[in-house]
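Thanks for making time. I'll walk through one structure, and please hold questions to the end.

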Amino acid sequence: MTPANVTDAVSRFSAASSPRARLREAASTSIVWCAAAMIFGLVAWILAGLVWGGISGVSWSFLVTAPSNGGRAGGLAPILVSTLAILAICLAVTVPLGLGTALLLSEFTLRETRFSRVVRFSLDVLAGIPSIVFGLFGNAFFSITLGLGFSILSGGLTLACMALPLFIRATEEGLRAVPDDYRKAGAALGVAQAKTIRRVILPAAAPGIIVGLVLAIGRALAETAALIFTSGYVDRMPSSVLDSGRALSIHIYDLAMNVPGGDRNAYASTLVLIGLLLIINLLASVLTERWLGRRVLAVQ
């Protein structure tokens, strides 16, 4: 480095350390912390309101009994069963198809090919389509054309169509974030590409996969409009996936909007939905990390 460069670097450092620069840095830091505090405060405010309105209605009997009197009394047992069945169908379709598509886009095709651009553009468009459109599509295709009617299976397949774009894009970005050195090292050692992906790339991309899975679960559990047209309104205990079933989000909407005197159970059902979402997301993260961790240990 020449003396001129040293002098220039020292002058830039001095300017950056000036009172004005320190003031700008302090102001930027304060803005960031204020934004984070506002988000935390908003979430805390919403949760506090839900807890205040519904914690008195949450009990073991509320979880294991059927609703009665239009939902004003009783519990959530058949609704929880229907919700979990719809979610299971959604994930059973979303995870293998989404992971396979993400692997195709990130590992087996070049990023700037026409095929890749078209697929990514299509996924971005699908991710922005309103849920009511997916509901009408699910009703026309799964319920009527395929003859599944208003059923848990129709609802789960419709939610899979909604969750796939989010899961694919998040998983693809997670796979692309893995350094290319991992792939080159596997090729240099003569390891098959499929084995390198299974043993090295997927464990390294675990954070992105978990993010995609959490987004898919969140969208599936929170949807209402799409399920009204596909899984139906019936609040009895389903005997198979071809029976109609009321999801928890639909039950909350019905209690809040259509049932006079159902506010207490609506708040309690909302607390159960949030708790269910947190538990399922935690389980998905733990199981994914453990499975991928065993893959890493097997390689070592």
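**Inside the model**

Start at isoleucine 86, which is found in helix α4. Keep in mind that this is a predicted model. Is isoleucine 86 buried or exposed? Isoleucine 86 is buried, because its relative accessibility is 2% and the cut-off for buried is under 20%. What does isoleucine 86 touch, if we skip residues up to four places away in sequence? The list is Ile152, Gly155, Gly156, Leu159, Leu227, Ser231 and Ala247. Take leucine 227 from that list. Isoleucine 86 and leucine 227 are 141 residues apart in sequence. In space, their C-alpha atoms are 9.5 Å apart.

Now the cores. How many residues does the largest nonpolar core have? It has 36 residues. Those with the most contacts inside this core are Leu76, Leu87, Leu159, Ile217, Leu221 and Leu248. Which elements give two or more residues to this core? They are α4 (77–108), α6, α7 (152–176), α10, α11 (225–228), α12 (248–257) and α13 (263–299). A second, separate core has nine residues, including Leu103, Val178, Leu202 and Ala205. For background, nonpolar side chains tend to be buried together in soluble globular proteins.

Back to leucine 76. Setting aside residues up to four places away in sequence, leucine 76 touches Phe62, Leu63, Thr65, Leu248, His251, Ser269 and Val272. Note Leu248 in that list. Both Leu76 and Leu248 are among the residues with the most contacts inside the largest core.

**Helix α10**

Next, helix α10, residues 206–222. It has 17 residues. How far does α10 reach from its first C-alpha to its last? The reach is 24 Å, close to the 24 Å expected at 1.5 Å a residue. The buried residues in α10 are Ala206, Gly208, Ile209, Ile210, Gly212, Leu213, Ala216, Ile217, Arg219, Ala220 and Leu221. Note the arginine in that list, Arg219.

Pick out isoleucine 209, in α10. It is buried, with a relative accessible area of 11%. Leaving aside neighbours within four places in sequence, isoleucine 209 is in contact with Leu99, Phe167, Thr171 and Leu202. Leu202 is also one of the residues in the second core.

**Charged pairs**

On to salt bridges. How many does a search of the whole structure find? Nine. One of them joins the side chains of arginine 169 and aspartate 124, at 3.1 Å, N to O. That pair links distant parts of the chain. Arginine 169 is partly exposed at 21% relative accessible area. Aspartate 124 is partly exposed at 42%.

Now glutamate 172. Its relative accessible area is 0%, so it counts as buried. Glutamate 172 forms a salt bridge with arginine 169, the closest N and O atoms being 2.9 Å apart. Glutamate 172 also forms a salt bridge with arginine 176, with 3.2 Å between the closest N and O atoms. Both pairs sit in helix α7. Glutamate 172 and arginine 169 are three residues apart, about one turn of the helix. Glutamate 172 and arginine 176 are four residues apart, again about one turn. Why does that spacing matter? An α-helix has 3.6 residues a turn, so residues three or four places apart point the same way. Arginine 176 is partly exposed, at 26% relative accessibility. Salt bridges that share partners join Arg120, Asp124, Arg169, Glu172, Glu173 and Arg176 into one network.

**Two last stops**

First, asparagine 139, in helix α6, residues 131–145. Asparagine 139 is buried, with a relative accessible area of 18%. Beyond neighbours within four places in sequence, asparagine 139 is in contact with Ile144, Phe150, Phe229 and Thr230.

Last, the surface. Which residues form a nonpolar patch there? Ile39, Val43 and Leu47 do, with about 260 Å² of accessible area together. Isoleucine 39 lies in helix α2, residues 19–54. Isoleucine 39 counts as exposed, because its relative accessibility is 54% and the cut-off for exposed is over 50%.

How values were computed. Residues numbered from 1 in each chain as written. Predicted model: local features only at pLDDT ≥ 70, side-chain atom pairs only at ≥ 80, totals over all residues. Heavy atoms only, no water. Buried < 20%, exposed > 50% of the residue type's maximum accessible area, 1.4 Å probe, protein only. Contact = heavy atoms within 4.5 Å. Patch = residues over 30% accessible without salt bridge, like charges linked within 9 Å, V, L, I, M, F, W, Y side chains within 5 Å. Areas by Shrake-Rupley, 256 points an atom, 1.4 Å probe, with all protein chains shown as cover. Salt bridge = Lys/Arg side-chain N within 4 Å of Asp/Glu carboxyl O. Expected span 1.5 Å × (residues − 1). Core = buried A, V, L, I, M, F, W, Y, C linked by side-chain atoms within 4.5 Å.
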